[in-house]
Every structure is written in structure tokens, then in C-alpha cells.
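Welcome, and please get your viewer ready. We will go from stop to stop, selecting one residue at a time and looking at what is there.

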Amino acid sequence: MKYPMTLGGDFNILRYSSEKNTKFINNKYIEVFNLIINSYELREVVMQGGKFTWSNRMNPTLEKLDRVLISKD
């Protein structure tokens with residue numbers, strides 16, 4: 001039996017190269033993060049407003065680290 005699930009917060013990890021405005025370095029943790037999301041059949045709630053949720057403020061590196069994930073149930 002599956003239960004509805006909602007997860008949200010600062011996951012401090014990217015999912016895709018498009019979630020960063022500078023050089024993107026792929027690593028195994030991104031693959032594991034996406035594997036977990038896919039294995040639980042979670043869907044990401046589409047953000048309204050800006051594309052990124054974090055900035056270092058110097059030479060702006062912009063990233064999407066905050067997200068809300070929900071089950072289809």
C-alpha cells in the first residue's frame with residue numbers, strides 16, 4: 001500500500017545541469033538523488049517566479065537547491 005508523500009526543503013543538490021548558471025559538474029550523488037525520486041515516483045512541483053533559489057552573491061553562481069516533491073497519489 002502506498003501513502004501520499006510530500007517532501008520539501010533545501011536539498012543542497014542539483015538534479016539537472018539547467019539548474020545552475022555556471023559550469024556543471026555531474027557526480028554520483030545527483031544520480032542517486034534522481035534514482036530515489038524516480039523509485040518513489042515523486043513529481044516536482046513547478047516553481048513560480050525565479051528559476052534559481054540560491055546565489056553566492058559574488059560572481060553570481062545561481063543554483064536551484066530548494067524544491068518540493070510530491071507523490072502522484
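Where is the place of Asn12? Select Asn12 and you will find it in the loop between β1 and α1; helices (H or I, at least four residues) and strands (E, at least two) are DSSP runs, numbered from the N terminus. Before we move on, two notes on what you are viewing. This is a predicted model, in which local features need pLDDT of at least 70, side-chain atom pairs count only at pLDDT 80 or more, and totals for chains, interfaces and linings use all residues. Residues are numbered from 1 along each chain as its sequence is written, and side-chain values use heavy atoms, with hydrogens and water left out.

Stay on Asn12 and look at its backbone. Its phi is positive, about 55°, although Asn12 is not a glycine. Most residues other than glycine have a negative phi. Asn12 counts as exposed, at 59% relative accessibility. Here buried means under 20% relative accessible area, exposed over 50%, and partly exposed in between (1.4 Å probe, protein chains only).

Next, select Phe11, which is also found in the loop between β1 and α1. Phe11 is partly exposed, with a relative accessible area of 29%. Which residues does Phe11 contact, leaving aside neighbours within four places in sequence? They are Phe33, Leu65, Arg67 and Leu69, where contact means heavy atoms within 4.5 Å.

Now go to Glu19, in the loop between β1 (6-10) and α1. Is Glu19 buried or exposed? Glu19 is buried, with a relative accessible area of 7%. Not counting residues up to four places away in sequence, Glu19 touches Leu14, Phe52, Leu62, Glu63, Lys64 and Arg67. Show the backbone nitrogen of Arg15 as well: the side chain of Glu19 reaches this atom at 2.7 Å.

For the next stop, select Val32, in helix α1 (residues 28-39). Val32 is partly exposed, with a relative accessible area of 43%.

Finish at Glu41, in the loop between α1 and β2 (42-44). Phi of Glu41 is near 55°, a positive value in a residue other than glycine. Glu41 is partly exposed, with a relative accessible area of 28%.

Terms used: A polar contact is a pair of N or O atoms within 3.5 Å; within protein, one must be able to donate a hydrogen and the other to accept it, and residues adjacent in sequence count only if both atoms are side-chain atoms.
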